[in-house]
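Please look through the model below.

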Amino acid sequence: MNDSRRPMFAANWKMHMGPRGASEFVAAFAELYAPRDDARIVFFPPSISVAAFRDASEGRPDLELGVQDVHEAVSGAHTGAVSAAMAKEAGVGWALAGHSERRREFGDDDATVATKVNRILESDTRPLLCVGETLEEREAGQLETVLSRQIKAVLDTLDGHGIAGLTYAYEPVWAIGTGRTASADDAAAAHAVVRREIEMRGGPADAVILYGGSVKPANIDELLSAHGVDGVLVGGASLDPEGFAAICSAGR
Ligand code: PEP
């Protein structure tokens, strides 16, 4: 990580934490983790818990808020879906796009992810674009091809202003929720590919790229030490206030 930049710690709660759980988490986390200006913390609760999180975190603007997904349409007959503009109106500053669980379970392909990123940017919200290869793709030697395809599909639809507004998460699918973590060398190598692709398509050399995949207190120091890793996106280990507070305190 570039020493002059503050690391970013993001929590993806997936389908955990209803409104009550979100409020209780914030109360506990706020006790454990004092505001500090040398890190950026962003939570992605389920949409149904956004209001509860926002209310519980009043007075803690350092605990930023995002949604895990938005629909690719601006509005319309899309039962169960949430638009980027609605998320913004609810007080959200960030949105994930392209998480591998959305790609796998909900069929979000590269074109859909690109449209979602555009909707998020149009709503003056910050996209956190997730990319990463499956185990089969890695073993077939397709790491670079897959990362390149996923990044190109999005960046080719954006102008320079849009491209500058993106934050990235490299999440090897084989490390998500499996307990299997990429080594610092694996992470550094993949981040170098992601950074090269961003630069080749007109993005900034200092784009923020997080690592995600079974991050926990026991491996956070090693991962943050990997070259080009600017922070982490944490799933399972972000559900425990103590564990996530420990992760957010790492590297300093
Ligand atoms: C994720 O959902 O983005 C993630 C990295 O999950 P986990 O930390 O549980 O592997």
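A polar contact is a pair of N or O atoms within 3.5 Å; within protein, one atom must be able to donate a hydrogen and the other to accept it, and residues adjacent in sequence count only if both atoms are side-chain atoms. This is a predicted model, in which local features need pLDDT of at least 70 and side-chain atom pairs count only at pLDDT 80 or more, while totals for chains, interfaces and linings use all residues. Residues are numbered from 1 along each chain as its sequence is written, and side-chain values use heavy atoms, with hydrogens and water left out.

At the ligand, Asn12 places a polar side-chain atom 3.1 Å from a ligand oxygen atom.

How many aromatic pairs does the structure hold? There are eleven. Rings of Phe, Tyr and Trp (its six-membered ring) pair if their centres lie within 6.5 Å; planes under 30 degrees apart count as stacked, over 60 as edge-to-face and the rest as tilted. Trp13 and Phe25 form an edge-to-face pair, with 4.8 Å between centres and 65 degrees between planes. Trp13 lies in the loop between β1 (8-12) and α1 (19-32) and Phe25 in helix α1, so this pair ties together parts twelve residues apart in sequence. (Helices, H or I of at least four residues, and strands, E of at least two, are DSSP runs numbered from the N terminus.) Phe25 also pairs edge-to-face with Phe43, at 5.6 Å centre to centre and 70 degrees. Because Phe43 is in strand β2 (residues 40-44) and Phe25 in helix α1, the parts tied together are 18 residues apart in sequence.

Trp13 counts as buried at 0% relative accessibility, Phe25 at 3% and Phe43 at 1% (buried is under 20% relative accessible area, exposed over 50%, partly exposed in between; 1.4 Å probe, protein chains only).
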